[in-house]
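I set out to record what I looked up in this structure. The entries follow in the order in which I made them.

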Amino acid sequence: MTDVRHERTLILIKPDGVQRALTGEILARLERVGLKVVALKMLRAERPVLERHYPASEEWVRTIGGKTREAFETYGMDVRAVMGTEDPLEIGRRVRGWLIDFMQTTPIVAAVLEGVHAVSVARKVVGATLPVFAAPGTIRGDFSIDAPTVANAARRPVRNLIHASGSVEEAAQEVPLWFAPAELHAYRRADEDVMLGDEERRGPRHAG
Ligand code: ATP
Ligand code: MG
């Protein structure tokens, strides 16, 4: 098992994040919590990579369709009137298609972040999938207002600025999909001694 202090997670700043010039702000928020950038690049995402990144598995597609239904229900709106169906699987398949197209529209920024429980900590900083439900103080809650009620009607994915791996297993699949081993770097951040208590474990640097 990996040392949870050095857990890794994949971040993608999506086309809306790059176009809105939020790359620096997003990385700064993730860095300041204590996550260390160990890989970083701007790239044009290619369809085959996106097809693997967003799996066509029934479970995942159904979850996405479920989010549409939840949003329509919350606002008392009729999903069938907008989508022509209530089937979460059918809705999820459409959203996946829009998402894979959208991710290729402009360059994106990919990063691997490392730190204590990096996956769940990054998700906390990023916030809930749908910006209308994301808490203030999170990246999605502070910088986006989008909802499936609007996005699905316009046949596009929800603009939520960023992707962050959803679980440790997802991260383990996603990191090698976007980065070669040589693109991952090991180094010490200056604040690690204080943040992780390494200074105390080693004893004081200067006696007396
Ligand atoms: P991500 O994987 O991008 O970090 P997430 O894990 O919070 O987001 P997923 O369920 O994996 O959410 O959805 C992947 C992406 O698909 C979302 O980030 C969003 O851009 C888009 N999306 C999800 N559900 C919907 C929906 N109901 N309508 C439109 N777009 C959606
Ligand atoms: Mg996800």
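Entry 1, surface. I found a nonpolar surface patch of about 270 Å² made by Tyr75, Met77 and Phe133. Patches consist of residues with over 30% relative accessible area and no salt bridge, with nonpolar side chains (Val, Leu, Ile, Met, Phe, Trp, Tyr) joined within 5 Å and like charges within 9 Å. A salt bridge is a side-chain nitrogen of Lys or Arg within 4 Å of a carboxyl oxygen of Asp or Glu. Areas come from the Shrake-Rupley method with a 1.4 Å probe, and for residues only the protein chains shown count as cover.

I noted the basis: this is a predicted model, in which local features need pLDDT of at least 70 and side-chain atom pairs count only at pLDDT 80 or more, while totals for chains, interfaces and linings use all residues. Side-chain values use heavy atoms, without hydrogens and water; residues are numbered from 1 along each chain as its sequence is written, and chains are lettered from A and ligands numbered from 1 in the order written.

Is phenylalanine 133 partly exposed or buried? I read a relative accessible area of 32%, so phenylalanine 133 is partly exposed (buried is under 20%, exposed over 50%, partly exposed in between). Phenylalanine 133 lies in the loop between helix 7 and helix 8 (DSSP runs: helices H or I, at least four residues; strands E, at least two; numbered from the N terminus).

Six of the seven residues in strand 1 (residues 7–13) are buried. I traced seven bridges from strand 1 to the antiparallel strand 3 (residues 108–115), where glycine 115 stands opposite glutamate 7.

Conventions. Buried < 20%, exposed > 50% of the residue type's maximum accessible area, 1.4 Å probe, protein only. Pairing = 2+ DSSP bridges.
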